Amino acid sequence: MKNPSRLFSATLFAVFVASSLFVAPAIGAAESGLKSLRGAEIQAPDTESADPFKGTKDSAPIERNYLQQPPIIPHKIDGYNITIKYNKCMDCHAWSRYKESGATKVSLTHFKTRDGQELSNISPRRYFCVQCHVPQADAKPLVGNRFKAAEGLR
Amino acid sequence: MDKHQQPPSGLLRRLLAWVKKTGPWLIVGLFLGGVLFWGAFNTAMEYTNREAFCIGCHEMQENVYVEYQNTVHYSNRSGVRATCPDCHVPKEWGPKMIRKLQASNEVLHKILGSIDTPEKFNAKRLELAKHEWERMKKTDSRECRNCHNFESFDYGVQGRRSANMHQTGLNEGKTCIDCHKGIAHRLPEVNQSIGEINTEGATPREFHPPVEKKDAEAVK
């Protein structure tokens with residue numbers, strides 16, 4: 001080598017690269033334990049959490065408890081995606097589909113826009129069904145309550 | 001036994017002569033070569049029938065694979081996983097070879113970069129999905145039925161909706177893919193006549209193809 005300083009910087013670079021190769025995994029391992037702001041360990045679960053809605057059994061329509069209640073979904077909805085490209089719920093509940101699928105057709109109230117205009121299909125504000133309709137999980141109430149169905153519906 | 005006494009037929013005689021001429025070792029060599037080739041060929045077939053091979057291409061990994069990971073065919077209580085080739089590559093030798101030959105088209109499009117960005121993939125997704133729908137419709141959803149035998153469906157255990165639809169639908173001559181589109185991936189645009197969206201998407205006729213009378217007859 002004609003230029004010793006170049007040799008020196010090349011060696012330095014090589015050492016740097018080599019050491020980073022060995023050290024980097026160690027750093028990664030040390031930092032893998034995420035911490036919350038209060039210093040608690042955050043551990044991503046290895047397995048999926050037990051989702052109480054998973055394995056919901058299909059049933060007959062569930063009775064409503066009060067007027068204007070969005071009816072509970074009486075069937076499982078795992079994997080039913082609602083995206084801008086396709087609304088899985090409407091594949092069975094649309095007025096053009098309900099006869100074939102045996103589903104309840106969507107309520108006429110769902111065709112009205114915010115300004116009171118009647119559309120020929122669901123209005124944008126009703127597009128995301130699970131905003132209002134949810135399946136029922138067999139979960140114990142977190143706090144006791146004395147809820148009773150509305151009188152006319154008992 | 002008495003066959004031995006008979007003089008060898010013309011064909012056999014010629015074969016024996018050929019063996020003498022070329023030397024038995026060469027024949028053994030050829031035979032072994034054949035075995036090796038067949039082995040290698042099958043290994044290649046096996047190799048390309050693994051999920052890891054499919055998702056070796058980022059086009060396959062970044063879109064369809066990620067979506068499939070959220071579905072029942074990736075993870076379920078029974079621990080039986082349906083992998084990409086289970087649904088996309090026929091098990092029978094003939095159809096498998098044909099599908100593999102068609103798949104060389106995928107290599108071409110890989111080189112052309114036809115779907116190498118999410119934008120390009122989404123633009124082409126409807127077309128790709130339609131190919132698969134057509135293929136499955138044509139084979140009466142053979143790949144689904146490799147695992148799900150509808151003759152063994154226990155309607156007593158199936159959900160209300162499943163039991164109803166299976167009994168009426170399958171009797172009408174419908175096949176799995178008629179009702180179970182989007183079982184493993186997100187769907188492309190589907191025209192559901194909801195306002196102005198997806199008017200270019202799959203038409204109702206493509207998405208719920210009417211049952212042909214012919215099919216209905218064949219089932220009965």
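Reply: What follows describes the contact between chain B and chain A.

This is a predicted model, in which local features need pLDDT of at least 70, side-chain atom pairs count only at pLDDT 80 or more, and totals for chains, interfaces and linings use all residues. Residues are numbered from 1 along each chain as its sequence is written, chains are lettered from A and ligands numbered from 1 in the order in which they are written, and side-chain values use heavy atoms, with hydrogens and water left out.

Chain A brings 22 residues to the contact and chain B brings 19, where contact means heavy atoms within 4.5 Å. The size of an interface is often given as the accessible area lost when the parts come together. Here about 1800 Å² is buried between the two chains, and carbon and sulfur atoms give 47% of that; buried area is the accessible area (1.4 Å probe) that two parts lose on being put together, summed over both. On the chain B side, B:R161, B:Q192 and B:I194 lose the most area to chain A, together 32% of what that side buries.

B:R161 also takes part in a salt bridge with A:D58, side chain to side chain, at 2.8 Å from N to O. A salt bridge is a side-chain nitrogen of Lys or Arg within 4 Å of a carboxyl oxygen of Asp or Glu. Between chain B and chain A the count is two salt bridges.
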